[in-house]
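Here's a quick tour of a protein complex, told through a handful of contacts. Have the viewer open and follow along.

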Amino acid sequence: MVVTATTAGASLDARIAIGHAAVQHVLAGAGIAVLHIKGPTLDPAIVWTGRHSTDADVLVRDSDARRTVEELMAAGWDLRSRFENSSAFQHSATLWHDLWGYVDVHRCFPGIGIDPDAAFERLWASHVDSEIAGVPCAVPDLPGQVLVILLHAARSGGSPRSRDDVRSAWGSASPQRRAEVLELVEELDAEVAFAAATGHLDDFRDTREHDLWAISLRGGTRFQEWRARVKAAPGLAAATRVAVRAPLVNVDHLAMIRGHPPTRREVVAEFFRRPLRGLSQSWHSARSRSGAR
Amino acid sequence: MSLPEIRRPTDVAIVPGPADEDGVELHYVAPLPNGPMVVLSGTASIIWQEALVGPEAALAERVAARLGHVVSEDDIRDEVAAFVDDLVARGLLERHRAGDAG
C-alpha cells in the first residue's frame, strides 16, 4: 500500500473523477444541487474512444453560484478565475485543488437562452443518478449530455477535438435521440448555438447572437469580439454594460499568466496594451483582406 | 451469505486503476474532500476487495483463495486483520453491524 499526500503516479482521469466526488461531497453537505457535466460523467455511447478531460465541470443554479464558490473555497479549493473574468459569457468560475486539480463551476451554459436557473431546473428535472469515484452524483440525461457537448464544441473554434465530439454525440445519433435533443434545444432556446455546433450557423444570420457564435467558432479580433458581444446583449442596458466593461483588464487571467497577483503598474500597463493589441489585430486583419504583405 | 461487516464510508472515493501482470486491479482511494490519496495495489488491493464482499471473520480465507492458496488463511490472518485495522484507522473502511444506517 502506498499512502501519498500528492497524486504523483495517479492518472489525471482518476484525479478528475475524485475531484467530481469531492465537489459533490462538499456541495451535498451545503444543500446545493449540482449537475456533473462533461468528462467522466458522459455516457460512453456518445463519446469517442480516447477522449480525456483535463478538469472537472459542474453546473449549479445561478442563484447558488456564489455560495458554491464560497463553500468550495472554505473546503480547500483556491479560486483562480471569477465568473466575470472567465469568458465573453461570464459563465464559470475556475477553482484549483492541490490534489484533484481544476474544477469549473458553471452558473449558466453559453448558448442556452432562457433564464439560467430555469435552464438548470429543466436539466435537473430529467437528470440521471450516476456514480463517480464511488460517490452518487447527478448527471444530465442523454439528450442533456449531447446538448452540453455540442454547446461546448460551438465555443471551441472548430478544433479537431470538438469535431470529434460533434461527430460522436450528434453525427452518429439515432433519429430518436436527435429528436429528443432538438426538443431540448427548443426548450432551452439554444437554436443559434446548436446551429453553430452542427454547421448551420448561417441559417441564423439575422439573429443578434450570430456574430458572437461565428467568432467563437471561427475566431476573430478583439474588436470584432467586442462588437459581437454588444450586439448579442439582450437589451440596451446589457449592451451598455458589455461595451463599458470590454476594455477592462482580466486581472485573474493576468495573474495566471504572470504567476503572481499583478501589481497596479502591471494592470495599468495591460489596460493600455489591450486596446493597442485590438487595434493591431484589426489592422493586420484589414491588410490580410486587402492582400497586402 | 451473511451481510458484510465492513464497508466503504460514504465520504470515501474510489477509482479503479490499471491491472497488474497478475490481473489485480489497482485502486485509488481517498477520504473526501481533501485526501490524502491512497494507492492500493497487489495484495493490498485484494484485501480491500475481499473485505467488502463478505463477513470479516472469513476474510483471511477469501484472501488466501484469491492468492491461489500459496499461503494458508492461518498464515495471513494476523497480517490481514492488521491491514484492515489500518484502513479503518485511516477512515477508508468502517465496521458496521447489520441493520446500521447507510
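A salt bridge here is a side-chain nitrogen of Lys or Arg within 4 Å of a carboxyl oxygen of Asp or Glu. B:Asp85 and B:Arg95 make one, with the closest N and O atoms 2.8 Å apart. That pair ties together distant parts of the chain: B:Asp85 sits in helix α3 (residues 73-89) of chain B and B:Arg95 in strand β5 (residues 94-95) of chain B, ten residues apart. Helices (H or I, at least four residues) and strands (E, at least two) are DSSP runs, numbered from the N terminus.

Some housekeeping before going on. This is a predicted model, where local features need pLDDT of at least 70, side-chain atom pairs count only at pLDDT 80 or more, and totals for chains, interfaces and linings use all residues. Residues are numbered from 1 along each chain as its sequence is written, chains are lettered from A and ligands numbered from 1 in the order in which they are written, and side-chain values use heavy atoms, leaving out hydrogens and water.

How confident is the predictor? It gives the complex an ipTM of 0.90 and a pTM of 0.83. As for pLDDT (the predictor's confidence in each residue, from 0 to 100), chain B has a mean of 90, with 91% of its residues at 70 or more. Among the elements of chain B, helix α2 (residues 59-66) has the highest mean, 95, and strand β4 (residues 37-40) the lowest, 90.

**More on the salt bridges**

Over all chains, the whole structure holds 20 salt bridges. One of them joins A:Asp211 to A:Lys231, at 3.0 Å from N to O. This one also links distant parts of its chain, with A:Asp211 in helix α8 (residues 210-218) of chain A and A:Lys231 in helix α9 (residues 222-232) of chain A, 20 residues apart. Back in chain B, the side chains of B:Asp86 and B:Arg90 meet at 3.0 Å, N to O. There is also a network of salt bridges, linking A:Arg61, A:Asp64 and A:Glu121.

| Residue | Relative accessible area | Class |
|---|---|---|
| A:Asp211 | 28% | partly exposed |
| A:Lys231 | 40% | partly exposed |
| B:Asp85 | 41% | partly exposed |
| B:Arg95 | 39% | partly exposed |
| B:Asp86 | 27% | partly exposed |
| B:Arg90 | 37% | partly exposed |

**A buried serine**

B:Ser45 belongs to helix α1 (residues 42-51) of chain B, and it counts as buried because its relative accessibility is 0%. Contact means heavy atoms within 4.5 Å. Leaving aside residues up to four places away in sequence, B:Ser45 touches B:Val24, B:Glu25, B:Leu26, B:His27 and B:Leu40.

**One side of a helix**

Now over to helix α3 (residues 116-125) of chain A, whose buried residues are A:Asp117, A:Ala119, A:Phe120 and A:Leu123. They lie on the same side of α3(A), because they cover an arc of only 155° around the axis, the arc being that of the directions from the helix axis to the C-beta atoms. Their cover includes β2 (35-37), β3 (56-59), α4 (142-154) and α6 (175-187) of chain A. At the N-terminal end, A:Asp115 caps α3(A), with a side-chain oxygen 3.1 Å from the backbone nitrogen of A:Asp117.

Note on methods:
Buried < 20%, exposed > 50% of the residue type's maximum accessible area, 1.4 Å probe, protein only. Polar contact = N/O pair within 3.5 Å; in protein donor to acceptor, adjacent residues only side chain to side chain.
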